[in-house]
Amino acid sequence: MPLIDTAGPVAEANRDLMFIALGLMAVVVIPVFILTALVLLRYRAGHEHGKYRPEWNFSGWLEALIWGIPALIIVALGVFLWNGTHRLDPYSPLPASSPPLEVQVIGLDWKWLFLYPEQQIASVDRLVFPADRPIALSLTTDANMMSFFIPRLGSQIYAMAGMETKLHLAADGNGTFLGRNTQFNGIGFSRQHFDAMAVGEDDFAAFVDKAKAREPLSSARYRQLALPSVLEEPEIYGGYPGDHFRQVMMKYKNEVPTPDRPDENALSTEDDIGSVDGSGHPAFSVEEEAPVDRGDGPITVSGPQKGRKIEPDVEEASE
Amino acid sequence: MTLLGKLSWDALPFYSVIAFIAAMVVVVAALLIAGIITWYWKWPYLWKHWFTTQDHKKIGMMYIILAFAMLARAFIEAMMMRAQQAFGLGAESAGYLPPEHFNQLFTTHGTLMIFFVAMPLLSGLINFVVPLQIGARDVAFPLVNLVSLWLTWAGGFLMMVSLVIGRFATGGWSGYPPFTELSLSPGVGVDYWIWALMLSGIGTTLTGINFVTTIWKMRAPGMTLMRMPLFCWTSLCTALLMIYALPPLTVATGLLALDRYAGFHFFTNDAGGNVMHYANLFWLFGHPEVYILILPAFGVFSEVISTFSGKKLFGYTSLVYATMCIAVLSFTVWLHHFFTMGGTADVNAFFGIMTMVIAVPTGVKIFDWLLTMWGGRIRLTVPMLYSLAFIVTFVLGGVSGVLLAIPPVDYMVHNTLFLVAHFHNMLIPGTLFGMFAGIHYWFPKATGFRLDEKWGRRAFWFWVSGFYVAFMPLYILGLMGMPRRMVTYEVEAWQAWLIAAAIGAILIGLGIACMFIMLYVSIRDRGRLQDVTGDPWDGRTLEWSITSPPPEWNFDEVPVVTRRDEWWYRKQNGEMQQKSEDPGDYEPIDVPKWSLIGPSLGMVGTAFGFAMVWHVWWLAILTGGILVSMMIGRAFVKDRERAIHTEIIAQHARLWNMAQRGEHP
Ligand SMILES: [Cu+2]
Ligand SMILES: [Cu+2]
C-alpha cells in the first residue's frame, strides 16, 4: 500500500501520525467493542446473566468517565495534530543539506506541465528530480481546479487558476512513483497521471542535458497543450517562454482581455500564430476560446505528438 | 431565442444504449403506475386523502415512499459504478461505461442519496413521529408542511426527468466550480442539479422552520423540554440545523446559477471570481448537513435501545447536551473539507482540532447507549439489530473521521477512496440503519400491523455484511492511493479490491430486495402481523398510548405529561384508565382541510425548474407567475378547517377501550 509503504520522509511522517492517532483511539474503541459483546452476553432477554434494573439511568462517576476519557484522548490527539500540522505544513521547506530543486507545476486539462526555472527546461507528464535533494513545488493551473498527489512521497495540494500553492516533497532514494491529479476534472480525469522519477545526481544532469537538446516549448504548442486532451507520451522541452508560470497566473487576475484590449500579461508573441482555431485572436484571451464541452463533442488533440483523442463516451456506447 | 429554448431532439437519450434503457425504464414505470391507478380508478382517493392532505402522518409516509423509490435508482447507479470499476483496469476504454456516463452516475448517485433518499427519510420520520411524541394534534404549519413535501417531490421529479430529457451534471454531488461553470460544463446537466437542489432545499428550510416551531410551541401540557423523548431533541437540533445550513447551499447554487445564466463571475477563474468562495459556502452547508443526516438516527437509536432494553435511557441529560454540542460544533469545522487548498498550518490545525472535538460528544452517546442496555432485558428485534450494527460500525467510521481531521493524514487520503469509504461508513449505519430501525419501529403505529421479522432479519444481515464487504476494500484502496471518481485505472493491484467491493454491493442489493419482499409479505400477512393494542413493543412514549393507526387528530384528549417516559409509567402504575365513551365529554377538534396548493405547487415547481434548465423563458415566466399567484391566492381562502364531531371522537375512544381489553374491534 503506497501510503503505508512510503518512499519519502513526508509520507512517512504523515503515516506515523496516522498510526499514533489509531493507537490513541483504540483506548476508546476497544472498550466499545468489549462492552457491546458483554452487554449482549449478560442482558439478552431469555438468557440473562445480569440483574434487570429498569430504573438505573445515572451514575456520576460513569458520566465523568465517558466524558473525561474521550476528552483527554482528544487533548492528546490535538497536541499531536497541532505539532504535526505545523511540522508537516506543505508550505514549509524540508530540512536537507542541499537546497531544494525548484519546480513550477501547471495543471492543464489532463496533463501536468513541469517547469524547471534553474535549468530552464520543461516537461509534460514527467517529473524528474535528484533523489538526494528535496523538491520545492509551486503550483497553479491553467484550467480547472486540480489536486497534485504522488501517494508514495506524501502530501497532496490543490492547484487553482490565478492562485499559487506550494508543496515540499522528498524521496528516500531512487525510484519511479506514480503521481496524479485526484480532483475530478472531466472525462480525461482518470488518465491524468505522470511519472515522478527520483534519480541520481548524474542521471538528473543527463536528463537536463537531454532536455536542453530539445526545442523549447513554444507559445503555440503551449496553447495546444492547454486544450483538453490526454498525452500518450511524456514530452520534454529545452526551454519555455519567459516567466511562464507567473504569466499563466496573471491571466486569471481580474481583467478579462478583449480583442481590442489584449492582455498585457499574455505570452510574448514571437511565435504567435493566433489561437488554435485559427481565428487570429490574441493568445490567452479567455473569452475567445469557445466553451469546451467535455461531453458532447470529440476533444481533439493538436500537436506533433500522438495525442490521443478522447471520445465523448457516448459515441462508443451507441453501437 | 426559440420557443423551446435549448430543447431539441438531441435531448433524447439516443446517445447511449444504457442511457436509453434507463430512460425507458423510467417512462414505462411511470406509465405503469399511472395505468394501475387509472385501472382501479384510485385518482380521487389518492388526490383527496394523500396528495392534498395536511395530515403530518401521511405527509411523513409520502416522504418515505419518495425515499425508497430514489434509493432504488441510486443503488442501481452504485451497482453500475462498482461493475465499471471492477472491470475498469486498463487505460483506454476498459469496462463497459464511457467516462461521461460514469461521471453522470457518481453525480446523480451522490445527489440522490443525500437529497432525495436520506433527507426525505428523515423528514418523513420526523413528520410522522414528532407530533405524536410531544402530544400534539398536528404540526405548527400544516400547509407549509405539505408545500415542503411537494417541493422535495418536485426536485425528485426533476431528477427523474433528467434521465429522460437531456443529461445530468458530471461535476459530483458537491458541484465544484469552475468545472460546473458554463465554460467547462456547457450542457444542461449542472442546471438540472442546481434546480433540483434549489427546489428541495427550499422545501427543507421550510421543514426546519416548521419543526422548530412545532417542538417549541405545540408540546402537550407538562411536556417540558427535559421531558421530551430524545428523538424530539435530535429532531429539534436537526430542524435548527436545517434553518441555518440550507441557506448557504441555496446561496451557493443561486450564485452559480447567476454565473451560468447571467454571466456573473462569482466562481469563475477570471474577472475576479474565486472558486474558494464556493468551497466555503458549500461546506458551510455541507458539514452541518452531515449532522442533519445523522442526528435523527441518533434519536431513533435512543428510543429503540431504551424500549427494547425495557429500561430508562441512561444519561438522558448527557445525551441532550451531547446533541446540542454536536449541532453547534458542526458549524465550526467546514474547512476540513479543503485542508489541501493551501491554508496555513494554524488554520488547518485549528479546524482539525475543532473537528476532532465532535468525537467527544459522539463518543459519549455511544457509551450512554451501551449503558442503557446494561442492566436491561434486551430483545433482539430488527430495530435493535440495526442499532447494534450501528454502534460497532459507526465507531469504525468515527475513527476514520478523526484520521481525516488530522491535516497531515488528510493530505494523504483526501480525494481518495478512503474518503468515500469514510462517509459511506458514517451515512449507511448513521442514517440508513437509523431510518430502517425507525421504520421497523414505528411501522405498526402507522399501519396497525408489524413488518415481517424473518425478512427483516434477512435484509439486515445482507445489508450489514454487504456494507463491510463493499466499503472496507475502499479504505484499503484509499491507502493504496486510488482517487475517487475514476472510470478506468492502470494499477493492477487495485482490481481485486474493486471486485470485492462490487460483490459487497451485490450483497447490499440482496438486502434491498429482501426489504421489498418484506414489505410485500407483511402486507399479504397483515392479519397475522396485526397489532390491536397500539403498543406492540411495550413502548415508553406517548405515541404508543393511542390506537394504530392514529386518528387524523392524533389524541382524543390532549395528554397531560408529568414525567419522562410518560406512557411507560402510566402502564407501570395502572393509570391507563378507560376513556369516556360519552360524546358530551369531548370537544370538537378542528383539523385542516385538504388543499390543492401542495401538489399544484409541486407540479408547477417542476415545470418551472424544467423551463429554467432548458431556457424556455415564456414557460419560466408563466409558471413563476402561477407560483406567486397561488401563494397570494391562498391568503384569500377563508374556509380552511373542518371540525371532527364529538360522536366520532367518542366512537374512536370506544375502539381504544376495546383494544385495551384485548377485544378485536
Ligand atoms: Cu454512495
Ligand atoms: Cu465535514
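# Questions on a predicted model

Me: In what order do the six strands of the open sheet in chain A lie?
Reply: Strands (E, at least two residues) and helices (H or I, at least four) are DSSP runs, numbered from the N terminus. Two strands pair if DSSP finds at least two bridges between them. In this sheet the pairing is mixed. The order is β8-β5-β1-β2-β3-β11.

Me: At which pLDDT do side-chain atom pairs count?
Reply: Residues are numbered from 1 along each chain as its sequence is written, chains are lettered from A and ligands numbered from 1 in the order in which they are written, and side-chain values use heavy atoms, with hydrogens and water left out. The model is predicted: totals for chains, interfaces and linings use all residues, local features need pLDDT of at least 70, and side-chain atom pairs count only at pLDDT 80 or more.

Me: Which are the edge strands of the six-stranded sheet?
Reply: Look again at the order β8-β5-β1-β2-β3-β11 in chain A. An edge strand here pairs on one side only. The two are β8 (165-169) and β11 (235-237) of chain A.

Me: Which residue of β8(A) is the bridge partner of L139(A)?
Reply: Strand β5 of chain A covers residues 135-141. Five bridges join β5 to β8(A), and the two run antiparallel. Within β8(A), L139(A) has as its partner T165(A).

Me: At about what angle does helix α3 of chain A run to β3(A)?
Reply: Axes are lines fitted to C-alpha atoms, for helices over the stretch in contact (heavy atoms within 4.5 Å), and angles go from 0 to 180 degrees between N-to-C directions. Helix α3 (residues 201-212) lies across β1, β2, β3 and β11 of chain A. To β3(A), the helix runs at about 95°.

Me: Why is strand β4 of chain A largely enclosed, and which strand do five bridges join it to?
Reply: Buried means under 20% relative accessible area, exposed over 50%, and partly exposed in between (1.4 Å probe, protein chains only). Four of the five residues of β4 (residues 126-130) are buried, so the rest of the structure largely encloses the strand. L127(A) stands opposite A196(A). The strand that five bridges join to β4(A), running parallel, is β10 of chain A.

Me: How many residues apart in sequence are the parts that W112(A) and F148(A) tie together?
Reply: Rings of Phe, Tyr and Trp (its six-membered ring) pair if their centres lie within 6.5 Å; planes under 30 degrees apart are stacked, over 60 edge-to-face, the rest tilted. By this rule there are 60 aromatic pairs over all chains. W112(A) and F148(A) form one that is edge-to-face, 5.2 Å centre to centre with 90° between the planes. W112(A) lies in β2 and F148(A) in β6, so the parts they join are apart by 36 residues.

Me: Is W112(A) buried or exposed?
Reply: Its relative accessibility is 0%. F148(A), its ring partner, also has 0% and counts as buried. W112(A) therefore counts as buried.

Me: Which residue lies over the face of W455(B)?
Reply: A charge sits over a ring if NZ of Lys or CZ of Arg is within 6 Å of the ring centre and within 35 degrees of the ring normal. K58(B) lies over W50(B), at 5.2 Å from the ring centre. Over W455(B), at 4.4 Å, lies R458(B).

Me: How far apart are the C-alpha atoms of D138(B) and T214(B)?
Reply: D138(B) sits in the loop between α4 and α5 of chain B. It counts as buried, at 12% relative accessibility. Beyond its neighbours within four places in sequence, its contacts include Q54(B), H56(B) and T214(B). D138(B) and T214(B) are 76 residues apart along the chain, yet their C-alpha atoms are separated by 8.2 Å.

Me: Near what omega is the peptide bond from P177(B) to P178(B)?
Reply: Most peptide bonds are trans. The bond from P177(B) to P178(B) is cis. P178(B) lies in the loop between α5 and α6 of chain B. The omega is near 0°.

Me: Is N415(B) buried or exposed?
Reply: Most residues other than glycine have a negative phi. N415(B) has a positive phi near 65°. This residue is in the loop between α13 and α14 of chain B. At 4% relative accessibility, N415(B) is buried.
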